[in-house]
Amino acid sequence: MRRNRIYLTVCFAFILLFSVNKIFAQSNEIKLVFGNPSGATADLSNENNYLVAHTGYILSYNRERGAANWVAWHTSKTDIGKLRINSFAPDTDLPKEWWIKPTDYKFSRYGYQRGHMCPSADRSAESDANIETFKMSNMQPQTPELNERTWRYLEEYTRTVVKKGNEAYVYAGCYGNKGKIKDKITIPTNCFKIILFVATGGNDLDRVTGTTEIIAVDMPNSDVVNRRWRSYVTTVDEIEAKTGYDFLDTLPEDIENSLEQIKYGN
Ligand code: MN
């Protein structure tokens with residue numbers, strides 16, 4: 001009898017452990033559905049192309065730049081609410097010697113702001129998700145004119161499209177070098193973004209065709225940036241040429257090639 005009970009307890013413990021593990025594996029699983037554009041790896045010796053998977057977004061960190069090469073995420077209607085919990089903090093998933101602190105940007109003589117890649121408002125339905133967007137690895141030094149206007153207007157447009165019954169897959173990042181803040185953070189010359197829209201539903205990768213709605217922009221990180229994000233529409237091909245990354249490589253070649261030539265609205 002007693003042996004039976006021990007046996008059952010052990011069995012139960014294993015089943016419990018197994019299911020807890022499974023739940024964690026599922027909830028923490030976030031995939032790069034449309035590819036890993038720079039072939040980033042979670043290998044600490046790969047310090048300028050280091051893969052970090054947060055719950056709500058994935059990024060390739062560049063220690064030399066003190067910022068991400070690119071950040072990837074997915075936004076659906078249920079991610080959007082009204083929260084904004086200003087909670088700038090180092091990305092503690094990185095080794096401490098790599099951290100950028102929220103105050104590091106304050107020494108910027110030129111008034112560069114901490115510009116979100118994955119926007120706070122794209123994770124505004126739930127507090128943990130919102131707080132996560134304030135990790136410094138999700139920030140890039142952007143001029144106020146870019147951060148508060150042009151870049152933001154495209155973010156708002158994206159959420160408008162999502163609210164109409166779509167999901168958005170986004171890659172955002174910055175490139176180029178026009179100096180350093182505190183010898184730590186590279187001030188980019190440009191910030192780019194690629195947004196792929198699919199109607200709300202499942203099996204997103206399989207539903208993408210050569211004419212799926214796609215927006216690619218490349219904006220100057222300048223104080224005289226035009227307010228209209230549409231004036232910076234470009235192609236994925238051009239962003240790939242500028243950055244050396246390969247986007248959308250999980251798609252069949254013909255679909256990838258077709259999408260990468262599309263200039264939104266043209
Ligand atoms: Mn590509």
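In this predicted model, helix α5 spans residues 236–243, and V236, I239, E240 and T243 are its buried residues. Seen down the helix axis, these buried residues fall within an arc of 100 degrees, so they line one face of α5. This pattern follows a general rule: an α-helix has 3.6 residues a turn, so residues three or four places apart point the same way. The face of α5 turned away from the buried side carries A241 and K242, both of them exposed. Among the elements that cover the buried residues of α5 are the strands β6 (166–175), β9 (190–199) and β10 (214–220), together with helix α6 (253–259). Just after α5, G244 adopts a positive phi of about 80 degrees.

E240 also belongs to the manganese site. The ion is coordinated by E240 (OE), D246 (OD), F247 (O), E256 (OE) and E260 (OE), at 2.1 to 2.3 Å. Along the sequence, the spacing of these donor residues is E-x5-D-F-x8-E-x3-E.

| Residue | Relative accessibility | Class |
|---|---|---|
| E240 | 14% | buried |
| F247 | 0% | buried |

E240 counts as buried because its relative accessibility, 14%, is under the 20% cut-off. F247, at 0%, counts as buried by that cut-off.

As to confidence, the chain averages a pLDDT of 91, and 88% of the residues score at least 70. Over residues 14–29, however, the pLDDT is below 50, and this stretch has 2 contacts in the model beyond near neighbours in sequence.

Key:
Residues numbered from 1 in each chain as written. Predicted model: local features only at pLDDT ≥ 70, side-chain atom pairs only at ≥ 80, totals over all residues. Heavy atoms only, no water. Donors = N, O, S within 2.8 Å, 3.2 Å for Na, K, Ca; no water. Buried < 20%, exposed > 50% of the residue type's maximum accessible area, 1.4 Å probe, protein only. Helix = DSSP H or I, 4+ residues; strand = E, 2+ residues; numbered from the N terminus. Arc of directions from axis to C-beta. Contact = heavy atoms within 4.5 Å. pLDDT = per-residue confidence, 0-100.
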